[in-house]
Amino acid sequence: MLAAIFLLLACQLIGEALHRITGLALPGSVIGMVLLLGWLALVRRERPTLGAVSGWLTAHLSIMFVPAAVGLMQEGPALARYGLGLALATGVSTLLTIAVTALVFRWALRRFTPEEVGKRPVQPAERGA
């Protein structure tokens, strides 16, 4: 299990180093994930242990947000002054993101779905009858 954790951290570190050295437009963590994907494609024996470690990390993901919440609490004066604006900006941007995503999804369905698929009659077995 320690080897799998080391593999995750090593890929992250190498990705960050490549990002800083080369100045690539991709974040170091994304480069590290690509490296991890390549490693898993080459070394198949790593998959079960890495799956177990990833499952454990995902199950305890909320622990990783504690430092961010503590850091946020230290910014009390700034939150008191700009908190309403931040909350409003976050809410509006979230709603805009949802709306744009829905519009792009509808456009993609119309653009990439063959017309025959959308117009075929529904069979009784498909209706749940």
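Begin by selecting Phe112, which is exposed, with a relative accessible area of 56%. The cut-off for the exposed class is over 50%. The model on the screen is a predicted one.

**The aromatic pair**

The structure holds 1 aromatic pair. Its members are Trp107 and Phe112, whose ring centres lie 5.9 Å apart and whose planes stand at 85°, so the pair is edge-to-face. An angle over 60 degrees between the planes is what places a pair in that class. Trp107 has a relative accessibility of 45% and therefore counts as partly exposed, whereas Phe112 is exposed.

**The whole protein**

Followed along the sequence, the pattern reads α-α-α-α-α-α. Of the 129 residues in the protein, 12% are buried. Switch to a surface display: the protein exposes about 10800 Å², and 73% of this area is supplied by carbon and sulfur atoms. Among contacts in the protein with a separation of 6 or more, 35% are between residues 24 or more positions apart.

**Helices α1 and α3**

Now select residues 2-22, which form helix α1, together with residues 47-59, which form helix α3. How are two packed helices described? The description uses the angle between their axes and the distance between the axes. For α1 and α3, the angle is about 75° and the axes are 9 Å apart. The two helices are therefore roughly perpendicular to each other, a term that covers angles of 65 to 115 degrees.

Which residues in α1 meet α3? Show the side chains of Ala4, Ile5, Leu7 and Leu8 in α1; these meet Thr49, Leu50, Val53 and Leu57 in α3. By class, this contact comprises 7 nonpolar residues, 1 polar residue and no charged residues.

Within helix α1, select Ile5. Its relative accessibility is 35%, so Ile5 counts as partly exposed.

Ile14 is partly exposed, its relative accessible area being 44%. How far apart are Ile14 and Gly32 in space? From C-alpha to C-alpha the distance is 6.4 Å, while in sequence Ile14 and Gly32 are 18 residues apart.

Key: Residues are numbered from 1 along each chain as its sequence is written. This is a predicted model: local features need pLDDT of at least 70, side-chain atom pairs count only at pLDDT 80 or more; totals for chains, interfaces and linings use all residues. Side-chain values use heavy atoms; hydrogens and water are left out. Axes are lines fitted to C-alpha atoms, for helices over the stretch in contact, and angles run from 0 to 180 degrees between N-to-C directions. Helices (H or I, at least four residues) and strands (E, at least two) are DSSP runs, numbered from the N terminus. Angles under 35 degrees count as roughly parallel, over 145 as roughly antiparallel, 65 to 115 as roughly perpendicular and the rest as oblique. Contact means heavy atoms within 4.5 Å. Ala, Val, Leu, Ile, Met, Phe, Trp, Tyr, Cys and Pro count as nonpolar, Asp, Glu, Lys and Arg as charged, and the others, Gly among them, as polar. Buried means under 20% relative accessible area, exposed over 50%, partly exposed in between (1.4 Å probe, protein chains only). Accessible areas come from the Shrake-Rupley method with a 1.4 Å probe; for residues, only the protein chains shown count as cover. Rings of Phe, Tyr and Trp (its six-membered ring) pair if their centres lie within 6.5 Å; planes under 30 degrees apart count as stacked, over 60 as edge-to-face and the rest as tilted.
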